Amino acid sequence: MRAAALGMEPKTFTNTIGMELIEIPAGTFTMGSPAGEKSRGNNEEQVVVTLSKPFGLCKTEVTQGQWQQVMGTQPWTRQPFVQADKDCPTSCVDWNDATAFCQKLTDTDHKNGTLPAGEEYRLPTEAEWEYACRAGTQTTWSFGDDEQQFVNYGWFSCSVFSYPHAVGLKRPNLWGLFDMHGSVFEWCSDWYGEKLSGGTDPVGPEGGSRRVLRGGSWYHDPDGCRSTQRFSSVPSDDAEILGFRVARSRRQ
């Protein structure tokens, strides 16, 4: 089921490297997990969040092919548990690498006129990520509460092969976003805090030592890939389970 099933035909934007972004509508939602959710962490206490402006979010994780077009490098080369292919998600990139990719792509698309001067590519905030992942749901995963359905939506530790596969092979969520559960972890822009930030357009703590990771990975079981599951790591971590997804918005 896609966004159209909710009465919303999503707007899309394709940039200079063929990356397709879906416009996520503004809205209010409950972020975090209810007290009774299985495997719930103490850092998932619910808060109400309002996202006051729409934003774009890439329908897939950034692929190796897209990374090479922008950065000209292959950080995943000779790394364990990585399948090298242009359609596989980029991995072995730290938070600083992911941010640099967004900045370079912004500069490129400004110069060629693909991206308006007042807009930018960036990492999504943690609130934007969960809102987009949920796509209007309040269930354990964006597809519901039935763990048996997970195999249809994401790559995880019980998959046949323990490494990320090409993007977009599983079913998307209701807003047309693929691989929001499993595959590779996705860096968010926020510093990590033990409590979720609520309110309007939250961006997390003002500082810290770790950045937020969302979505779980191929290394985790379904519980570790829940819509609300929160992880974090130091910005210099470039493990093979770490990747990212690009957001687009007006400059703050």
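Predicted model: local features only at pLDDT ≥ 70, side-chain atom pairs only at ≥ 80, totals over all residues.
In what order do the five strands of the open sheet stand?

**View 1. The open sheet has five strands with antiparallel pairing.**
The order of the strands is β1-β2-β5-β12-β6. At the edges stand β1, residues 12–14, and β6, residues 119–122, each of which pairs on one side only. Neighbouring strands of the sheet are turned against each other by 30° on average, direction ignored. As background, the strands of a sheet pair through backbone hydrogen bonds, and the pairing is either parallel or antiparallel.

**View 2. Strands β2 and β5 pair in the antiparallel sense.**
Strand β2 covers residues 20–24 and strand β5 covers residues 55–58. Four bridges join this pair of strands. Opposite Ile22 stands Leu57, which belongs to β5.

**View 3. Helix α3 lies across β2, β5 and β6.**
This helix is made of residues 126–134. It runs at about 70° to β5.

**View 4. Helices α1 and α2 pack against each other at an angle of about 65°.**
Two packed helices are described by the angle between their axes and the distance between the axes. Here the helices are α1, residues 64–71, and α2, residues 95–111, and their axes are 10 Å apart. The crossing of α1 past α2 is left-handed. On the α1 side the contact is made by Gln66, Trp67, Val70 and Met71. On the α2 side stand Asp97, Ala100, Phe101, Lys104 and Leu105. The residues of this contact divide into six nonpolar, one polar and two charged.

**View 5. The buried residues of α1 pack against α2.**
Which residues of α1 are buried? They are Gln64, Gly65, Gln66, Trp67 and Val70. An α-helix has 3.6 residues a turn, so residues three or four places apart point the same way. After α1 comes Gly72, which has a positive phi, near 70°.

**View 6. Asp97 is a partly exposed residue of helix α2.**
Is Asp97 buried or partly exposed? Its relative accessibility is 27%, so Asp97 counts as partly exposed. Asp97 is also one of the α2 residues that meet α1. Phe244 is 147 residues away from Asp97 along the chain, and the C-alpha atoms of the two are separated by 10.0 Å.

**View 7. Cys102 is a buried residue of helix α2.**
The relative accessible area of Cys102 is 2%. Buried means under 20%, so Cys102 is placed in that class. Leaving aside residues up to four places away in sequence, Cys102 touches Tyr121, Arg122, Leu123, Phe244 and Val246. Gly113 is eleven residues from Cys102 along the chain, and their C-alpha atoms are separated by 16 Å.

**View 8. The model has zero disulfides.**
Cys88 is in no disulfide, and the nearest cysteine sulfur, in Cys92, is 12 Å away. Cys88 is buried, with a relative accessible area of 2%. A disulfide needs the two sulfur atoms within 2.5 Å. Cys188 is also buried, with a relative accessible area of 0%.

Notes: Residues numbered from 1 in each chain as written. Heavy atoms only, no water. Pairing = 2+ DSSP bridges. Helix = DSSP H or I, 4+ residues; strand = E, 2+ residues; numbered from the N terminus. Axes fitted to C-alpha atoms, helices over the stretch in contact; angles between N-to-C directions. Contact = heavy atoms within 4.5 Å. Left-handed = near helix turned anticlockwise from the far one by under 90°. Nonpolar A, V, L, I, M, F, W, Y, C, P; charged D, E, K, R; others polar. Buried < 20%, exposed > 50% of the residue type's maximum accessible area, 1.4 Å probe, protein only.
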